[in-house]
Amino acid sequence: MKKAIIVGASSGIGRQLALVLLTKGYRVGVTARRASLLATLKSQHPEAIVAKAFDCTQTDTLVILEQLALELRGMDLFVFCAGTGDLNATLSSAIENRTNQLNVMAFTTIVGWAFRYFETRQQGHLVAISSIAGFRGNRMAPAYNASKAYQINYLEGLRQKTASAKLNITVSDIRPGFVATAMAKGDGQFWVATIEKAALQIFNHIRRKSEAAYITKRWRIIAILLKFLPNWLYKRL
């Protein structure tokens, strides 16, 4: 039986992906801050789920992840699905710093742990949920977009590392557009995917070991437009 750990599984994409993995025969370790939501999820699948509640930004995170991997008796798949981001037109430093603390600092610590875990065992699949937002800056949420750009580039660095060292580790960067979760904020949302559709597509990319993928796939069009849109035009949007 394959084992997976999902960081950020109390709601939204993470929770739904855990449910998908269960139907595919995985034993799943789930983590999040909200212990009550994890307990509800575990009560529905008591034999297949191991739950650990913790805050990604706290210092005991890696100790708890090690314990979780031991209870699962191994880990084949790791998914970082935790994240935060708020609209911040006033550039409140509290909001910007909170975003960076989770999306950059905690992301780096936890993803680094997962990579080293797989490196020691000479195999594994590391997945992180970044965002289409990482392709350009945004005046309404500067730290969020910048933090997602950091994640995209960090994951690319890990893929380069695996190739250079010829490691049997897959690193997947999943880049959603709008998904119907609490993270989707602001007006003008379009092509909004349900969490069920998003989670199933993410699993399919995990199964195919995709290095980079868009959820849904039509967001690749937006990624291309963002990449090539001239600076003078983009800053006027």
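Okay, quick housekeeping. Residues count from 1 along each chain as its sequence is written, and side-chain values use heavy atoms, leaving out hydrogens and water. Since we have a prediction here, local features need pLDDT of at least 70 and side-chain atom pairs pLDDT 80 or more, while totals for chains, interfaces and linings use all residues.

So, the inside. A nonpolar core here is a set of buried Ala, Val, Leu, Ile, Met, Phe, Trp, Tyr and Cys residues joined through side-chain atoms within 4.5 Å; buried is under 20% relative accessible area, exposed over 50%, partly exposed in between, with a 1.4 Å probe and protein chains only. The largest one has 32 residues, and Leu21 is among those touching the most other members. Helix α1 (12–23) and strand β1 (3–7) are among the elements that each supply at least two residues; these are DSSP runs, helices being H or I of at least four residues and strands E of at least two, numbered from the N terminus. The top contributor is α1, with 7 residues.

Leu21's contacts (heavy atoms within 4.5 Å) include Ile6, Val28 and Phe203, leaving aside residues up to four places away in sequence. Apart from that core lies another, of 31 residues, Phe54 and Leu126 among them.

Now Thr170, in strand β6 (169–176). Buried or exposed? Buried, at 14% relative accessible area.

Last, Leu225: helix α7 (219–228), and exposed at 53%.
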